[in-house]
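I am opening these notes to keep a record of what I looked up, in the order in which I looked it up.

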Amino acid sequence: MHFFLKMDYKFLCPSAFFCIICFFSAINGRPDYIYYPSRPADNGMLSYSFYDNSCPNLNMIVRWGFWAAYINDTRIAASLLRLHFHDCFVNGCDASILLDDTKDFKGEKNALPNRNSVRGFEVIESIKANVEKACPSIVSCADILVLVAREAVVTSGGPNWPIPLGRRDGITASEAAANQLPSPFEPLENITAKFVSKGLDINDMVVLSGGHTIGFAQCSTFKRRLFDYKGTGKPDPTLDASFLSNLQNFCPNIDGSNSKTTPLDSQSVCRFDNMYYKSLINNTGLLESDQALMRDSKTAALVKDYSEDPFLFSRDFAESMVKLANIGVLTGQTGQIRKKCASIN
Ligand code: HEM
């Protein structure tokens, strides 16, 4: 059984003229309730009160650090949500994605799905520096990543949820493992199998893909749909005709357009809402892997449900985010609390 609790979520509104539409739509949409998960949200080792005594101001430091970045760059919300996903999906939520290469390992930052794509490292490092000033060697980078991802969703108008804490940081990273992150070009069955291998299910996959309600993608990630889909010499026939023509204009068939970025959810690029699912129903999903959710009857039924019920989407997204944040966590004496997120102690 799910229930909502009214939350006193007061915050000062910074004067921001940057990306003014995003900014004010986010403020208007800021939710005032918390989704409590229907199942126990911890994994037996994590705890909601983990830093209550050792770092009581943690949430505030994270919130202000996030906001400082957000007023300059509203896209950072999307980038930080994705950073969290790419961390947890590769050997668990251990902040391994934040580690620079060393002589002992090639890290994840330069893996194909991350290079020139994943953003937000400096925001996490700056929040970590402030947290270290307040409570040295207490709070892991892994927990900061999880908290920032929630802040990003809440600030964009999405749901809020409680997060059990106490993760520790990994002491290694793997470029090879990060190269296995889901690709927009692989079949839905492969992507589903990758979610299942992490202890997530098909519902988690569909609802977490709703993270594409915010943020941007580079032309290179969907261009083959526009001109030569799977060697046919023609565009992807499932693409809506006028959406296709806009994308073809924006991403001309030359290498020079590869790194241009366009919204994943063009209806409401910085609002965390259920428009992403409506777009899939209208054949205007940007990535092949997004639109593929309409080709399987089970995932298509979930897309329809979320497109019709924003509260169902918010509730299920919150619940699946807790599951995502519990993948392969290090607790107790394992791992360490890094002093800087980019390197081990
Ligand atoms: C299901 C498999 C997934 C695939 C194949 C996928 C693929 C992608 C791709 C190709 C991009 C664009 C990257 C670029 O152009 O540089 C992207 C962006 C993004 N993804 Fe995913 N993704 C998946 C799942 C997720 C999940 C589960 C989340 C979050 C819970 C997520 C959150 C995001 C966000 C927020 C962005 C925009 C980032 C930004 O603007 O900086 N994705 N994804």
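I began with N283, which I found to be partly exposed because 16 other C-beta atoms lie within 10 Å; by the rule I used, a residue is buried with 20 or more other C-beta atoms within 10 Å of its own, exposed with 12 or fewer, and partly exposed in between, the C-beta atoms being placed from the backbone. N283 sits in the loop between α10 (275–281) and α11 (288–291), where helices (H or I, at least four residues) and strands (E, at least two) are DSSP runs numbered from the N terminus. I also noted that N283 has a positive phi of about 60°, although it is not a glycine.

Before going on, I wrote down that this is a predicted model, in which local features need pLDDT of at least 70 and side-chain atom pairs count only at pLDDT 80 or more, while totals for chains, interfaces and linings use all residues. Residues are numbered from 1 along each chain as its sequence is written.

I then looked for another residue of this kind and came to S137, which is not a glycine and yet has a positive phi of about 55°. S137 is in the loop between α4 and α5, and it counts as exposed because it has 11 C-beta neighbours inside 10 Å.

**Confidence and overall make-up**

I checked pLDDT, the predictor's confidence in each residue from 0 to 100, and found a mean of 91 for the protein, with 88% of its residues at 70 or more. Over residues 1–18 pLDDT stays under 50, and for this stretch the model has 27 contacts beyond four places in sequence, a contact being two residues whose C-beta atoms, placed from the backbone, lie within 7 Å. I remind myself that where pLDDT is low, the predicted coordinates should not be read in detail.

The protein has 13 helices and 4 strands, and 44% of its 345 residues count as buried. Among the contacts with a separation of 6 or more, 80% are between residues 24 or more positions apart.

**Helix α2 and its neighbours**

Helix α2 (residues 58–70) has 13 residues and reaches 18 Å from its first C-alpha to its last, close to the 18 Å expected, where the expected span is 1.5 Å times one less than the number of residues. Which elements do the buried residues of α2 pack against? I found α3 (76–88), α4 (121–134) and α5 (141–155). The buried residues of α2 include L58, F66 and A69.

Leaving aside residues up to four places away in sequence, A69 touches I76 and V123. The C-alpha atoms of A69 and V123 are 6.7 Å apart in space, although 54 residues separate the two in sequence.

**The ligand shell**

I counted 26 residues around the ligand, the closest being S79, S117, G211, G215 and Q218; a residue is taken as near if its C-beta atom, placed from the backbone, lies within 6 Å. Helix α3 gives the most to this shell, with 5 residues, and α3, α8 (202–209) and β3 (216–218) each supply at least two. At least three residues of the shell come from each of domain 1 (16–182) and domain 2 (188–319), with bounds from an automatic or database domain assignment.

P162, in the loop between α5 and α6 (175–178), has its C-alpha atom 7.3 Å from that of I34, 128 residues away along the chain. A177, in helix α6, touches V90 and N91, not counting residues up to four places away in sequence. A177 is partly exposed because it has 14 C-beta neighbours inside 10 Å.

My last entry is V329, in the segment after α13, which counts as buried because it has 26 C-beta neighbours inside 10 Å. V329 and G166 are 163 residues apart in sequence and 8.9 Å apart in space, C-alpha to C-alpha.
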